[in-house]
Amino acid sequence: MRLGISYNLFDGEELLEGSIKQIRKQVDYVSVVYQTTSNFGNPCNPNLVPLLERLKSEGLIDELFEYMPKVNKGGHSNEIQKRNIGLSLSQGAGCTHHMSMDSDEYYLPSEFESVKKLIEEGDYDSSFCQMQTYYKSWEFALNPPEEYYVSLIFKIKPDSSYVLGAPAPVLVDPTRRMSPSSKPIVLTREQIQMHHGSYIRDNIRTKLTNSSASTNFNKDIDRITNHYNNWKYPDKVLWGGLPSTLHTVKKIESLFK
(Lines give C-alpha, C1' and ligand atoms only; values in the text may rest on other atoms or scores of the structure.)
Protein backbone atom coordinates (compact mmCIF):
# COMPACT_ATOMS: atom_id res chain seq x y z
CA MET A 1 0.00 0.00 0.00
CA ARG A 2 1.18 3.47 -0.91
CA LEU A 3 -1.11 5.78 1.04
CA GLY A 4 -1.87 9.38 0.22
CA ILE A 5 -3.76 11.65 2.58
CA SER A 6 -5.23 15.00 1.63
CA TYR A 7 -6.48 17.59 4.11
CA ASN A 8 -9.45 19.79 3.27
CA LEU A 9 -8.67 23.10 4.99
CA PHE A 10 -9.98 26.59 5.52
CA ASP A 11 -10.00 27.07 9.29
CA GLY A 12 -8.97 25.01 12.31
CA GLU A 13 -5.35 25.28 11.17
CA GLU A 14 -4.22 25.35 14.81
CA LEU A 15 -4.92 21.59 14.91
CA LEU A 16 -3.30 20.65 11.59
CA GLU A 17 0.30 20.10 12.67
CA GLY A 18 -0.70 17.78 15.50
CA SER A 19 -2.98 15.78 13.23
CA ILE A 20 -0.26 15.22 10.63
CA LYS A 21 2.33 14.26 13.22
CA GLN A 22 0.11 11.46 14.56
CA ILE A 23 0.14 9.61 11.24
CA ARG A 24 3.03 10.99 9.18
CA LYS A 25 5.18 7.84 9.63
CA GLN A 26 2.34 5.71 8.26
CA VAL A 27 1.65 7.91 5.22
CA ASP A 28 3.58 8.14 1.96
CA TYR A 29 2.19 11.44 0.65
CA VAL A 30 0.46 14.33 2.41
CA SER A 31 -1.28 17.12 0.53
CA VAL A 32 -3.37 20.04 1.74
CA VAL A 33 -6.09 21.53 -0.43
CA TYR A 34 -6.69 24.87 1.23
CA GLN A 35 -8.60 28.05 0.58
CA THR A 36 -7.97 31.61 1.71
CA THR A 37 -11.64 32.53 1.19
CA SER A 38 -14.35 30.39 2.74
CA ASN A 39 -17.25 28.80 0.86
CA PHE A 40 -19.29 31.75 2.12
CA GLY A 41 -16.85 34.49 1.08
CA ASN A 42 -15.07 35.10 4.39
CA PRO A 43 -11.27 35.55 4.62
CA CYS A 44 -9.01 33.00 6.30
CA ASN A 45 -6.85 33.62 9.33
CA PRO A 46 -3.74 35.57 8.17
CA ASN A 47 -1.58 32.92 9.84
CA LEU A 48 -2.87 30.13 7.57
CA VAL A 49 -0.53 30.41 4.58
CA PRO A 50 2.66 31.01 6.63
CA LEU A 51 1.80 27.93 8.71
CA LEU A 52 1.31 25.78 5.61
CA GLU A 53 4.57 26.99 4.09
CA ARG A 54 6.43 26.16 7.32
CA LEU A 55 4.95 22.67 7.52
CA LYS A 56 5.90 22.05 3.90
CA SER A 57 9.46 23.25 4.48
CA GLU A 58 9.69 20.87 7.45
CA GLY A 59 8.55 17.89 5.38
CA LEU A 60 5.22 17.36 7.13
CA ILE A 61 3.38 18.36 3.95
CA ASP A 62 4.44 17.21 0.48
CA GLU A 63 2.13 19.34 -1.68
CA LEU A 64 -0.06 22.43 -1.30
CA PHE A 65 -2.95 23.31 -3.58
CA GLU A 66 -4.89 26.55 -3.24
CA TYR A 67 -8.55 26.10 -4.10
CA MET A 68 -10.69 29.02 -5.21
CA PRO A 69 -14.25 28.33 -3.98
CA LYS A 70 -17.41 28.92 -5.96
CA VAL A 71 -19.14 30.99 -3.29
CA ASN A 72 -22.59 30.71 -4.87
CA LYS A 73 -22.42 26.88 -4.87
CA GLY A 74 -22.50 26.40 -1.09
CA GLY A 75 -20.48 24.14 1.19
CA HIS A 76 -21.09 20.60 -0.03
CA SER A 77 -20.34 21.31 -3.70
CA ASN A 78 -17.03 22.96 -2.85
CA GLU A 79 -16.07 20.22 -0.39
CA ILE A 80 -16.63 17.49 -2.97
CA GLN A 81 -14.45 19.40 -5.44
CA LYS A 82 -11.67 19.80 -2.86
CA ARG A 83 -11.77 16.14 -1.88
CA ASN A 84 -11.54 15.08 -5.53
CA ILE A 85 -8.59 17.42 -6.04
CA GLY A 86 -6.92 15.75 -3.06
CA LEU A 87 -7.59 12.34 -4.61
CA SER A 88 -5.99 13.46 -7.87
CA LEU A 89 -2.91 14.68 -5.98
CA SER A 90 -2.53 11.24 -4.40
CA GLN A 91 -2.98 9.60 -7.80
CA GLY A 92 -0.34 11.90 -9.26
CA ALA A 93 2.07 10.81 -6.53
CA GLY A 94 1.60 7.15 -7.44
CA CYS A 95 -0.53 6.21 -4.44
CA THR A 96 -2.59 3.02 -4.44
CA HIS A 97 -4.85 4.18 -1.58
CA HIS A 98 -6.25 7.52 -0.49
CA MET A 99 -7.82 9.12 2.57
CA SER A 100 -9.46 12.52 2.94
CA MET A 101 -9.15 14.32 6.29
CA ASP A 102 -9.93 17.56 8.08
CA SER A 103 -7.45 19.29 10.38
CA ASP A 104 -9.35 18.39 13.57
CA GLU A 105 -9.11 14.63 13.03
CA TYR A 106 -6.57 12.66 15.04
CA TYR A 107 -5.69 8.94 15.09
CA LEU A 108 -3.52 6.89 17.42
CA PRO A 109 -0.46 5.73 15.42
CA SER A 110 -0.62 2.10 16.63
CA GLU A 111 -4.29 1.74 15.67
CA PHE A 112 -3.72 3.41 12.32
CA GLU A 113 -0.81 1.09 11.48
CA SER A 114 -2.82 -2.00 12.44
CA VAL A 115 -5.81 -0.98 10.33
CA LYS A 116 -3.63 -0.26 7.30
CA LYS A 117 -2.34 -3.84 7.45
CA LEU A 118 -5.85 -5.22 7.90
CA ILE A 119 -7.14 -3.32 4.86
CA GLU A 120 -4.23 -4.38 2.68
CA GLU A 121 -4.35 -8.05 3.70
CA GLY A 122 -8.12 -8.24 3.22
CA ASP A 123 -8.02 -6.24 -0.03
CA TYR A 124 -10.86 -4.01 1.18
CA ASP A 125 -11.62 -1.10 -1.13
CA SER A 126 -13.23 1.15 1.50
CA SER A 127 -13.23 1.46 5.28
CA PHE A 128 -15.21 3.25 7.96
CA CYS A 129 -14.90 3.82 11.71
CA GLN A 130 -16.70 5.63 14.50
CA MET A 131 -15.44 8.70 16.32
CA GLN A 132 -14.99 10.22 19.75
CA THR A 133 -15.72 13.94 19.72
CA TYR A 134 -14.20 16.54 22.05
CA TYR A 135 -15.18 19.94 23.43
CA LYS A 136 -12.75 22.82 24.11
CA SER A 137 -9.78 20.50 24.75
CA TRP A 138 -8.73 16.86 24.44
CA GLU A 139 -9.68 16.45 28.11
CA PHE A 140 -13.46 16.66 27.56
CA ALA A 141 -15.10 13.92 25.50
CA LEU A 142 -18.74 13.68 24.46
CA ASN A 143 -20.47 11.06 26.61
CA PRO A 144 -21.94 8.89 25.21
CA PRO A 145 -19.95 9.15 21.96
CA GLU A 146 -21.65 9.82 18.64
CA GLU A 147 -22.90 6.89 16.56
CA TYR A 148 -21.91 8.65 13.34
CA TYR A 149 -19.10 7.22 11.17
CA VAL A 150 -16.22 8.66 9.19
CA SER A 151 -14.69 7.23 6.04
CA LEU A 152 -11.08 6.08 6.26
CA ILE A 153 -8.91 4.56 3.54
CA PHE A 154 -10.17 3.93 0.00
CA LYS A 155 -8.46 1.89 -2.70
CA ILE A 156 -7.78 4.04 -5.76
CA LYS A 157 -9.36 2.63 -8.91
CA PRO A 158 -9.19 4.05 -12.46
CA ASP A 159 -12.67 5.57 -12.06
CA SER A 160 -12.53 6.48 -8.37
CA SER A 161 -14.11 9.75 -7.30
CA TYR A 162 -15.91 11.30 -4.35
CA VAL A 163 -19.61 11.45 -5.17
CA LEU A 164 -22.08 13.39 -3.01
CA GLY A 165 -24.39 10.94 -1.28
CA ALA A 166 -22.92 7.80 -2.89
CA PRO A 167 -23.99 4.52 -1.22
CA ALA A 168 -22.22 3.68 2.04
CA PRO A 169 -22.77 0.85 4.53
CA VAL A 170 -23.06 3.26 7.49
CA LEU A 171 -24.09 6.87 8.17
CA VAL A 172 -21.18 9.00 7.00
CA ASP A 173 -20.52 12.56 5.74
CA PRO A 174 -22.12 12.75 2.25
CA THR A 175 -19.02 14.53 0.87
CA ARG A 176 -16.69 11.68 1.89
CA ARG A 177 -18.18 8.77 -0.02
CA MET A 178 -16.05 7.37 -2.82
CA SER A 179 -17.42 5.45 -5.76
CA PRO A 180 -17.14 2.73 -6.94
CA SER A 181 -16.86 0.62 -3.81
CA SER A 182 -17.78 -3.05 -3.51
CA LYS A 183 -15.82 -4.49 -0.56
CA PRO A 184 -16.12 -2.23 2.51
CA ILE A 185 -15.02 -2.94 6.06
CA VAL A 186 -16.74 -1.30 9.03
CA LEU A 187 -14.30 -1.20 11.93
CA THR A 188 -15.08 -1.39 15.64
CA ARG A 189 -14.11 1.19 18.24
CA GLU A 190 -11.68 -1.38 19.66
CA GLN A 191 -9.86 -1.53 16.32
CA ILE A 192 -9.73 2.21 15.66
CA GLN A 193 -11.67 5.39 16.23
CA MET A 194 -11.21 8.90 14.98
CA HIS A 195 -10.62 11.46 17.72
CA HIS A 196 -12.55 14.48 16.53
CA GLY A 197 -11.60 17.92 17.81
CA SER A 198 -14.78 19.31 16.32
CA TYR A 199 -15.29 21.81 19.13
CA ILE A 200 -11.63 22.51 19.89
CA ARG A 201 -10.98 25.88 18.32
CA ASP A 202 -9.19 29.14 19.03
CA ASN A 203 -12.20 30.88 17.46
CA ILE A 204 -15.37 28.79 17.54
CA ARG A 205 -17.41 31.47 15.76
CA THR A 206 -15.23 31.16 12.65
CA LYS A 207 -15.88 27.42 12.54
CA LEU A 208 -19.63 27.80 12.98
CA THR A 209 -19.99 30.63 10.47
CA ASN A 210 -18.09 28.82 7.72
CA SER A 211 -19.30 25.27 8.31
CA SER A 212 -21.05 23.49 5.44
CA ALA A 213 -23.72 22.58 8.00
CA SER A 214 -24.20 26.18 9.16
CA THR A 215 -27.68 26.36 7.62
CA ASN A 216 -28.74 23.97 10.38
CA PHE A 217 -27.76 26.31 13.19
CA ASN A 218 -27.00 29.77 11.78
CA LYS A 219 -29.66 31.36 14.01
CA ASP A 220 -27.94 29.80 17.02
CA ILE A 221 -24.35 30.90 16.33
CA ASP A 222 -24.37 33.67 18.96
CA ARG A 223 -25.88 31.34 21.57
CA ILE A 224 -23.45 28.48 20.79
CA THR A 225 -20.45 30.83 20.81
CA ASN A 226 -21.41 32.43 24.13
CA HIS A 227 -22.02 29.03 25.69
CA TYR A 228 -18.63 27.82 24.45
CA ASN A 229 -16.71 30.87 25.68
CA ASN A 230 -18.33 30.73 29.14
CA TRP A 231 -18.50 26.95 29.56
CA LYS A 232 -16.96 25.22 32.57
CA TYR A 233 -16.86 21.53 33.37
CA PRO A 234 -19.10 19.69 34.35
CA ASP A 235 -21.80 21.85 32.73
CA LYS A 236 -23.50 20.43 29.64
CA VAL A 237 -22.18 21.55 26.26
CA LEU A 238 -24.26 23.10 23.48
CA TRP A 239 -23.95 21.36 20.12
CA GLY A 240 -24.99 23.07 16.90
CA GLY A 241 -27.67 21.26 14.93
CA LEU A 242 -31.26 21.19 13.86
CA PRO A 243 -32.12 21.80 16.64
CA SER A 244 -29.04 22.66 18.72
CA THR A 245 -28.88 20.35 21.74
CA LEU A 246 -27.23 20.02 25.13
CA HIS A 247 -24.90 17.08 25.78
CA THR A 248 -22.87 15.66 28.66
CA VAL A 249 -19.10 15.37 28.52
CA LYS A 250 -16.69 13.34 30.63
CA LYS A 251 -13.22 14.38 31.71
CA ILE A 252 -10.48 12.03 30.55
CA GLU A 253 -6.70 11.87 30.44
CA SER A 254 -5.70 13.72 27.29
CA LEU A 255 -4.25 11.57 24.49
CA PHE A 256 -2.96 14.57 22.55
CA LYS A 257 -1.30 17.89 23.28
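Predicted model: local features only at pLDDT ≥ 70, side-chain atom pairs only at ≥ 80, totals over all residues.
Which residues does V249 touch, not counting residues up to four places away in sequence?

Residues are numbered from 1 along each chain as its sequence is written, and side-chain values use heavy atoms, with hydrogens and water left out.

**View A. V249 and its contacts.** V249 sits in strand β16 (residues 249-251); strands (E, at least two residues) and helices (H or I, at least four) are DSSP runs, numbered from the N terminus. Its partners are Y135, F140, A141, L142, N143, W231, Y233, D235 and V237, leaving aside residues up to four places away in sequence; contact means heavy atoms within 4.5 Å. V249 has a relative accessibility of 5%, so it counts as buried; buried means under 20% relative accessible area, exposed over 50%, and partly exposed in between, with a 1.4 Å probe and protein chains only. Take a look at Y135 too: its C-alpha atom is 7.9 Å from that of V249, although 114 residues separate the two along the chain.

**View B. The buried face of α6.** I221, I224, T225 and Y228 are the buried residues of α6. Viewed down the helix axis, these buried residues fall within an arc of 95°, so they line one face of α6; the arc is that of the directions from the helix axis to the C-beta atoms. As a reminder, an α-helix has 3.6 residues a turn, so residues three or four places apart point the same way. The cover over the buried residues of α6 includes β6, β13 (194-199), α5 (204-210) and β14.

**View C. Two cis peptide bonds.** Most peptide bonds are trans, but the bond from S179 to P180 is cis, with omega near 0°. P180 belongs to the loop between β11 (178-179) and β12 (184-186). The bond from Y233 to P234 is also cis, with omega near 10°, and P234 is in the loop between α6 (221-230) and β14 (237-239).

View D. Most residues other than glycine have a negative phi. D123, however, has a positive phi near 55° and lies in the loop between α4 (109-122) and β6 (126-135). With 44% relative accessibility, D123 is partly exposed. K136 has a positive phi of about 75°, in the loop between β6 and β7 (137-142). K136 is partly exposed as well, at 30% relative accessible area.

**View E. The largest pocket.** This pocket has a volume of about 1200 Å³. Of its 44 lining residues, H196, S198, K207, S211 and A213 are the closest to the centre. On a 1 Å grid over the protein atoms alone, a pocket is an open set of points where a 1.4 Å probe fits, with protein on both sides within 12 Å along at least five of seven lines, and lining residues have an atom within 4 Å of a point. The volume is the space filled by probe spheres set on the points, which are joined across faces, edges and corners. The lining holds 14 nonpolar, 18 polar and 12 charged residues. Elements that each supply at least two lining residues include β1 (3-9), α3 (74-92) and β15 (245-247).

Notes
Nonpolar A, V, L, I, M, F, W, Y, C, P; charged D, E, K, R; others polar.
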